[in-house]
Each structure stands twice: as C-alpha cells, then as structure tokens.
Amino acid sequence: MSREPPGPAEDEVPGAPAAAVAAGGPPATATTAAAGEGEGRARGGGCYLALCARPVHFEKANPVNCVFFDEANKQVFAVRSGGATGVVVKGLEDRNPISFRMEDKGEVKCIKFSLGNKILAVQRTLKSVDFLNFIPDSPQLEYTQECKTKNANILGFCWTSSTEIVFITDQGIEFYQVLPEKRSLKLLKNQSINVNWYMYCPESSVILLSTTVLGNVLQPFYFKSGTMSKLSKFEIELPAAPKSSKLSLSERDIAMATIYGQLYVLYLRHHSRTSNSTGAEVVLYHLPREGSCKKTHILKLNRTGKFALNVVDNLVVVHHQDTETSVIFDIKLKGEFDGSTTIHQFVLPPRSIQPYQIPVAGPASVTSQAPVPCKLYSSSWIVFQPDIIISASEGYLWSLQVKLEPVVNLLLDKGKLMDFLLQRKECKMVILSVCSQMLSEPERGSLSVIATVFDKLNHEYKKYLEAEQSYTMVVETGLSRSNPLLKRPVRTQAVIDQSDMYTHVLSVFTEKKEAPHKFTIAVLMEYIRSLNQFQIAVQHYLYELVIKTLVQHNLFYMLHQFLQYHVLSDSKPLACLLLSLESIYPPAHQLSLDMLKRLSTANDEIVEVLLSKHQVLAALRFIRGIGGHDSISARKFLDAAKQAEDEMLFYTIFRFFEQRNQRLRGNPSFTPGEHCEEHVTFFKQVFGEQALMKPTTF
C-alpha cells in the first residue's frame, strides 16, 4: 500500500505495467517504510474510518489499459492503447464520464485536464507536452510545447488554473500560459534549479521541489493568477547522518496537505530498529506564504512498517499495512510541548477501515450474487492527498471518510471528546446525542463533566456571535465598502445554540422525568450559568423550562427564591407564564406584575401581552388590580376568549361584562357602540337565550 505506483503484486493483473496507476503527474508520493514487526490486528469494534459509498469504478489496469490519476481535478484516466481505442475520464464529483479517442503517438507518461476540463495535456516524451482543446467549435488539432532548457528532461507537469501550466524538469521549472485559440504557449517565468522529484498541492497551488544531492532541501513555489513566487526553502532533518552522498529523502516519505487552513509538509521519519527505538513518526513542517518553514508537530506512531498518509476533515490518518489498521491525529488537540514542537499521540486506538463490499458486475441475471469483500490495505492500493485511495487491481477510486458515531464510545473523556467533535464538519447531531447521553442513565455524567461540556459548546457559540456582531457593525457603519474581502462569518456545525440545546436535549430530558428533580434543575441552571459566563443573553424559553420543572415538583419556594434574587432574568414571556400559575401558586400573580413593572411595561401593553398569550382571565385580574376594568373594551376581551376555544372561559368573560354593564348603566345588554353583536349571537348559540342576564330592577 503506497502513494507510489506499486510494482506488480500478488493481487494485481499479471503483466500490468510496473506503474499500474500513475499519478496524472509523476508517480505519486508514497509513505512506505521498511517492513516492520507484525502486530496483532486491532480490529476491535467501532471502525471510525470508511470508504465512501459511491466510489468511481474504472477499467482496471492491464497490459492494454493504463490508469492515471489527476490530483487537481480528482479524476482518474483509463487510457486504452495509448488513447487510440479510447480514453475514459471519471471523477468523484462529476457523475458523467468524459470519453474520447486520440491518436496513439507512443506511451502516455502523464495526462491531465486543465481546471474546468477545457484543455487536455499529454506527456509522451521526456522533452515535450502535447495539448488538445476541448472547447466547443474549436478544431481538434494537437499542438506541442517543448521544454526551454536544453538537455533537460520533463519530470511532469501541473495545471495551476484553466490556462496556466507548470513544467517540472530535472533542471528547474517553466511556467506557461496556454493560448488555446492560437494553439500555442507563452512562457511567463522559469527558474533553474536541480530537481530530484516534485510534489504539487492543488488546494494551495504550491509545488515542492526536492533539491541537493541528499534531496532533503525542499524549495516551494506558489502560483496565483499568472504569478510565480519563490517561498523560503527549508531542510528536512534526516533521522541520522547519511553514510553516502546519494538521494536520502524519497518522495515516498513526503506529503503535502492543508490542515486547519494551513499548508503543512508531512515527513514520515523511520527510526532504525534499535533497542531504544520508539518507532516511526510523522513530522509536520508548517509552510506559511510568508516567513520561514518551521517544524511544529510530531505525530508518534509507536511502530515500524509500511505506512500511508491521508488527511480527512483536518485529521492526519496514518494507515499501517502490516497490522491492517489506521490511526488518526488531531493537531488541534493538546499535546506535549517541548519548547518548539508539539508531540501528539494518536487520538483513538488503532482500528481497521470499515469492511467494504464490492458489488459483482455483469448481466442482471448474474448480479444477484453476493457482493465480494474488498481486500483492505492491499499492496495494490495507492494513496493520494488529501483523502483518495485507489485500488489498481479492482478498478475503484474512493474518498476516505471519518465516522463520528463510533468515536463517542472510544473517547471516554467527555471534555476531550468535545474538543475533538467540535473541529469536525458534520458534528452537530453527534454532539447533541452525546449531550443527551450524558444526562441519561446509564451514562449519566457528574455535574462537573456536564458543566465542562456546556462551557466548551458555549465558547464556540460565543465566538460565532462575536464574529457575527463584528460583521454587522462593519456593514452598518459602511466600512465594508473599503474592505471588499470582508465575508459574513460561516456558521459551522460546531455552533450549538440555545434552540438546538432546548429542542434536542433539555426539553426531551425534562419530559422523560427519569432523573431526580434536583439533578434536572441543577442541569438546567448549569446551562444557564454557562451562558451567563460567556455573556450570552439567555432565551426566555430556557427560563420557562426551569419554571415548569419547578412547578411540576411543587418547588414553589425555590421558584420564589430564583425570582427574588433575579436568577431568572425578567422578560414579558416569563411574566405571562407566572400569571398563568396564579391558580396553583397565588403569589405568582404579584411576582409577575412586579416583573412587568421592572420592565417598565405600560399597563395597556401588559394587557396586550397577556391576551396574545390567551391569558384572558389573568389580563382581567390585572386590569381589575389597577382599577381600569370599567373603561376597557369588552369586544377585545371577548375576541380573545373566543379565540381560546374554551366555552366556559367565554361564558365567564361574557358574564363579567354583562355585570359591568348592569352596574354602570343599569342594563346588562351591550350598546351598539361596543360592537359585540357577534359575541351575543355566539353566546345564545352555545348557552341559549335564557342564559343571558336579565336586567335587575330595584
């Protein structure tokens, strides 16, 4: 298993070329090592890595069919008979393959489309590259560009845009602009430098060249819209002084990848198997756009053998062929800092990639056969950055994926688990599930663990709120015009807000009524405490949940204390909820009115708030309490009572206004100016005319 085209292996097609799958550029870099000690296969449950469900299927490599992979477009090329009998191009994203034929002008060494698939470049010799336009209404004629440097051999090429290409030779690099209409190329820049091998990271548009006799001095170049910039060169520290002056750093041991938005060069350093050997390790060099490259992280593998690297969801995945297992590292998690570099151990115990079944191809009558298990960690596997695995012998291209659900049972430290999950792309539902689990038996956590989890979630939540606030401020003040690069902050799945916690965790938790009520209230108050700690305004529905829980358990003294000491912040919805509790806890009425007054709410506004919440009786009591019941609109209250769809409530309110009319005017009937005719009709329909109050005479 490697990142380089392997030699013929036991499970490869006999007679396949040694480079059964070549990179679209040079042979892809690998990270294989000397054979290591066999370890027991740690195939325990909980596979946290999986091959994607919808792979690209291509014609497997054989003597007639050569297969190439283009790392920039993530496309696999199957070239039959040098292209004469067809070229089929497939990618993970594009489900419609590109098929065409081209003249067989000799063995294809390298083949790639420009970004956007408009121009095809094919290398057949060491001296030149051929081009073919795939633009509508453009003639299908090839044009050729020879390398400018005399006596130089082309090692490969990389497209850096839809019309810009770099030739890498053993004597330097040549940067061209392709002019498809003129069917010619224009040299933009070239640089002379002795090159052993090269590597390209399309995500960052950086080409890395291996220079010097030992090959361990690496020179990066950055490409952007027609410009080529030389970045600071740096030296890879070899494990021991080489005994001879020959190439000591192989491209097999180097990979380039973007991790957490930063470009890193990953070096697989093999230790000699001595008594004090600690096994191999992956050394990460941070390669900034400006400034020098520094060694920043060391990932301890604690084993030797054949390895391959991928980067998935900002995790470094190290596959180990001997044990057929993989481990993952997260450089954002805390490691051991020695003053210059951070040393990391793998996050989870080694596990195999999840078993994968290959469907049997063939006529419909045959495909009912059971799928065939895929040979994982095969020697014919080729690994490309960041997350591609190709099986040459089976004709499949997969992207590697991280599964988060199994991680929950493998990483028992909830704080560390949250740190890990919060950095993953698809983390929200898994995090909410972990929160629910830690509140329920049998995995109920202690309050201190629950508090830690809440704080970690709210730290992320606050970061997002502050970024959103800063962005809004800049936009409102008009400063955004002077900064066209300003972008609205992206809300990632790591932002778990109050409505998420309320809907998926806290309301479900309180409804289950499994936990002791003291624990339930403590959990709710812990979440509110955490929000307050991060100065996040607590939404009223969380306070309502606390009040409802207290009421369910008749903890009115605690409710009174929470309100008296302002543990529960004042809000109109909260005041309305308190008013509705008057029948079971009479002091709630006064507590609610005090709250509304503290909020400087006008009396008529309080009535409107109560009516909007269908608290019609509470509104009536309030208006009576302030002596305004003689002047209020009967229709407004009768409208609200009717909307509540409670006949007895309507009866009570109707009777109240009849009595008011009798007291004020000596007659219970409504005057035409009160516009209550429809309510009188409704009352008669439901209760009968005899139920209307009769005028009282003295």
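Ring pairs join Phe650, Tyr651, Phe654, Phe670, Phe682, Phe683 and Phe687 into a cluster. The model is a predicted one, and it holds 28 aromatic pairs as well as 28 salt bridges.

**Aromatic pairs and charges over rings**

- Phenylalanine 100 and phenylalanine 113 form an edge-to-face pair, with 6.1 Å from centre to centre and 70° between the planes.
- This pair links distant parts of the chain, since phenylalanine 100 belongs to strand β7 (residues 98–100) and phenylalanine 113 to strand β8, 13 residues apart.
- Phenylalanine 100 counts as buried because its relative accessibility is 11%, and phenylalanine 113 counts as buried at 1%.
- The pair of phenylalanine 167 and tyrosine 176 is tilted, because the ring planes stand at 50°, with the centres 4.9 Å apart.
- Both phenylalanine 167 and tyrosine 176 are buried.
- Lysine 112 places its charged end over the ring of phenylalanine 157, 5.4 Å from the ring centre.
- The charged end of lysine 332 likewise sits over a ring, that of tyrosine 260, 4.3 Å from its centre.

**The sheet β8-β9-β10-β11**

- Four strands, in the order β8-β9-β10-β11, form an open sheet with antiparallel pairing.
- The edges are taken by β8 (110–113) and β11 (143–146); each has a single partner strand, so one side of each is left without a neighbour in the sheet.
- On average, neighbouring strands of this sheet are turned by 20° against each other, direction ignored.
- Five bridges connect strand β9 (residues 119–123) with strand β10 (residues 128–133) in the antiparallel sense.
- Leucine 120 has leucine 132, in β10, as its bridge partner.

- Helix α6 (residues 517–533) contains threonine 520, which is buried with a relative accessible area of 5%.
- Leaving aside residues up to four places away in sequence, threonine 520 touches Phe509, Thr510, Ala515 and Thr549.
- In helix α12 (residues 616–625), the buried residues are Val616, Ala618, Ala619, Leu620, Phe622 and Ile623.
- These buried residues of α12 pack against α9 (572–580), α10 (587–598), α11 (603–612), α13 (634–643) and α14 (647–665).
- Glycine 627, with a positive phi near 75°, follows α12.

**Salt bridges**

- Side chains of opposite charge can pair when their charged atoms come close.
- Arginine 80 and glutamate 59 meet in a salt bridge through their side chains, at 2.3 Å from N to O.
- Arginine 80 is partly exposed at a relative accessible area of 29%, and glutamate 59 is partly exposed at 33%.
- In the salt bridge between lysine 295 and glutamate 237, the closest N and O atoms are 3.2 Å apart.
- Lysine 295 is in strand β24 (residues 294–300), while glutamate 237 is in the loop between β20 (234–235) and β21 (254–259), 58 residues apart.
- Lysine 375 and glutamate 324 form a salt bridge whose closest N and O atoms are 3.1 Å apart.
- Lysine 375 lies in the loop between β31 (372–373) and β32 (381–384) and glutamate 324 in the loop between β26 (315–320) and β27 (325–329), so the pair ties together parts 51 residues apart in sequence.
- Lysine 375 is partly exposed, at 41% relative accessibility, whereas glutamate 324 is buried, at 10%.
- Salt bridges with shared partners join Glu237, Arg269, Glu281, Lys295 and Lys300 into one network.

Terms used
Residues are numbered from 1 along each chain as its sequence is written. This is a predicted model: local features need pLDDT of at least 70, side-chain atom pairs count only at pLDDT 80 or more; totals for chains, interfaces and linings use all residues. Side-chain values use heavy atoms; hydrogens and water are left out. Helices (H or I, at least four residues) and strands (E, at least two) are DSSP runs, numbered from the N terminus. Buried means under 20% relative accessible area, exposed over 50%, partly exposed in between (1.4 Å probe, protein chains only). Contact means heavy atoms within 4.5 Å. Two strands pair if DSSP finds at least two bridges between them. Axes are lines fitted to C-alpha atoms, for helices over the stretch in contact, and angles run from 0 to 180 degrees between N-to-C directions. Rings of Phe, Tyr and Trp (its six-membered ring) pair if their centres lie within 6.5 Å; planes under 30 degrees apart count as stacked, over 60 as edge-to-face and the rest as tilted. A charge sits over a ring if NZ of Lys or CZ of Arg is within 6 Å of the ring centre and within 35 degrees of the ring normal. A salt bridge is a side-chain nitrogen of Lys or Arg within 4 Å of a carboxyl oxygen of Asp or Glu.
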